[in-house]
Amino acid sequence: MSSVPAVKKKRSRKGEPPLPRRDEAWIGGFFSLRAFVREGDDAYRPEAVVWMTDRGLVLSCTTLRPGDVVACAVDSFESTAREPREGEPGLPARVRVASPALADALRARLGPGFDVRVAPTPEIDAVAEDLEAHLGAGDGGPSPSFLGGGIEAPAMASFFRAAAALHRAAPWEAVPSDTDVLSLSIPSLGARDLALCVLGQAGQGHGVLLFESAQGFALHLAAIEAPRDRPPTSLPAGFFSLSFDRASDLHPALRAEIAEQRWELVGPDAVPTLAMVDEDLLGRKPTPQELTASEALALGLVELMKRRDELAQAFRGGAPVEESYVVETHGGPVEVMFRAPHPERG
């Protein structure tokens, strides 16, 4: 994939005839592609906006740089209504989207009488899978990389070492449940009482999730427990994920990069993968500062696991565990502070 064009904002101009209404339903949505695009020193995951009919006809599919994807999706809707890939111009009678933010933006742009419904959009997921398969089959675009965006190999090597130590420490064997939340503060980054969730107690899906607050974690729980036919009205305002994935699930270029750089791994089923997920559930690569914070988090948890028995008791009603550590990251010493359980959920 070469550089990704931005969506051109094309709004109705005075003097243009109004579009006719057609008795059909459209489905729309956006998603972040797994492949990274590199432009100079900048690397990012493109976003895609899709509009299609409920009969499966794709009317438009546009890729763009990360940004205000909701506003771009509304602009794309209007452009598609005037110049669809197939068929005659016109507005649909009904629209279904999965994003409450996109639904609100469409209503604001098109008026209160426009029928916009918030419901699951599995059709968009199918288009995303097809697009990923198509892009993966190409051989002319840039290969994905752990590096770029200001992140260099020595910093990533240091993070891989910290992640390997975290996997060996096995915090999922000390924290009883993935609903038991710790508090994490990193004063040098202005981070206070973040909500840290440890995954993998069932023996798979090892990793950690980090939310801006205990309330954000509560919204995450509500979202994953919501019935499929009743999507949640609120979502957490972004979160961070450090997961340990199978090497076989990675792009071949990423496996080759790990081997070439000789980054430390516990095993082929424990490749550390970072994702910074924004409020629209779109993932991106970490910034250099976020990589440093991730390394500090991993090293701090390794130290905290030296109190694993007290930690387990704290989540069973025992005395809270509070600790502060100064860990040495590739970016220098960083203080990390833990409290278990989180004061807002204890």
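Predicted model: local features only at pLDDT ≥ 70, side-chain atom pairs only at ≥ 80, totals over all residues.
Q: How many of the residues of H1 are buried?
A: Buried means under 20% relative accessible area, exposed over 50%, and partly exposed in between (1.4 Å probe, protein chains only). H1 is largely enclosed by the rest of the structure, because its buried residues number 14 of the 14.

Q: Which strands stand at the edges of the open sheet of five strands?
A: Strands pair if DSSP finds at least two bridges between them. The order in this sheet is S5-S4-S1-S6-S7, with mixed pairing. Each edge strand has a single partner, so one side of each is left without a neighbour in the sheet; these are S5 (58–64) and S7.

Q: Which residue in S4 stands opposite Gly29?
A: Strand S1 (residues 21–32) and strand S4 (residues 47–53) pair in the antiparallel sense over seven bridges. The residue of S4 opposite Gly29 is Val50.

Q: What angle does the direction of H1 make with that of S4?
A: H1 packs on the sheet, touching S1, S4, S5 and S6; contact means heavy atoms within 4.5 Å. Axes are lines fitted to C-alpha atoms, for helices over the stretch in contact, and angles run from 0 to 180 degrees between N-to-C directions. For H1 and S4 the angle is about 40°.

Q: Which helix joins S6 and S7 in a right-handed β-α-β unit?
A: Strand S6 (residues 91–97) and strand S7 (residues 115–118) pair in the parallel sense over four bridges, with Arg94 opposite Asp115. A crossover is right-handed if, with the strands pointing away from the viewer, the path from the first strand over the helix to the second runs clockwise. The helix of this unit, residues 100–110, is H2.

Q: What is the relative accessible area of Leu102?
A: Leu102 lies in helix H2. Beyond its neighbours within four places in sequence, Leu102 is in contact with Gly29, Phe30, Trp51, Val70, Ala73, Val74 and Val97. Leu102 is buried, and its relative accessible area is 0%.

Q: How wide is the arc covered by the buried residues of helix H6 (residues 252–261)?
A: These residues are Ala253, Leu254, Glu257 and Ile258.

Q: Which exposed residues lie on the face of H6 turned away from its buried side?
A: Just after H6, Arg262 takes a positive phi of about 60°. The face of H6 turned away from its buried side carries the exposed residues Pro252, Ala259 and Glu260.

Q: Which residue in S15 is the bridge partner of Glu328?
A: Strand S14 (residues 321–329) and strand S15 (residues 332–340) pair in the antiparallel sense over nine bridges. A hairpin joins S14 to S15 through two residues. In S15, the partner of Glu328 is Pro333.

Key: Residues numbered from 1 in each chain as written. Heavy atoms only, no water.
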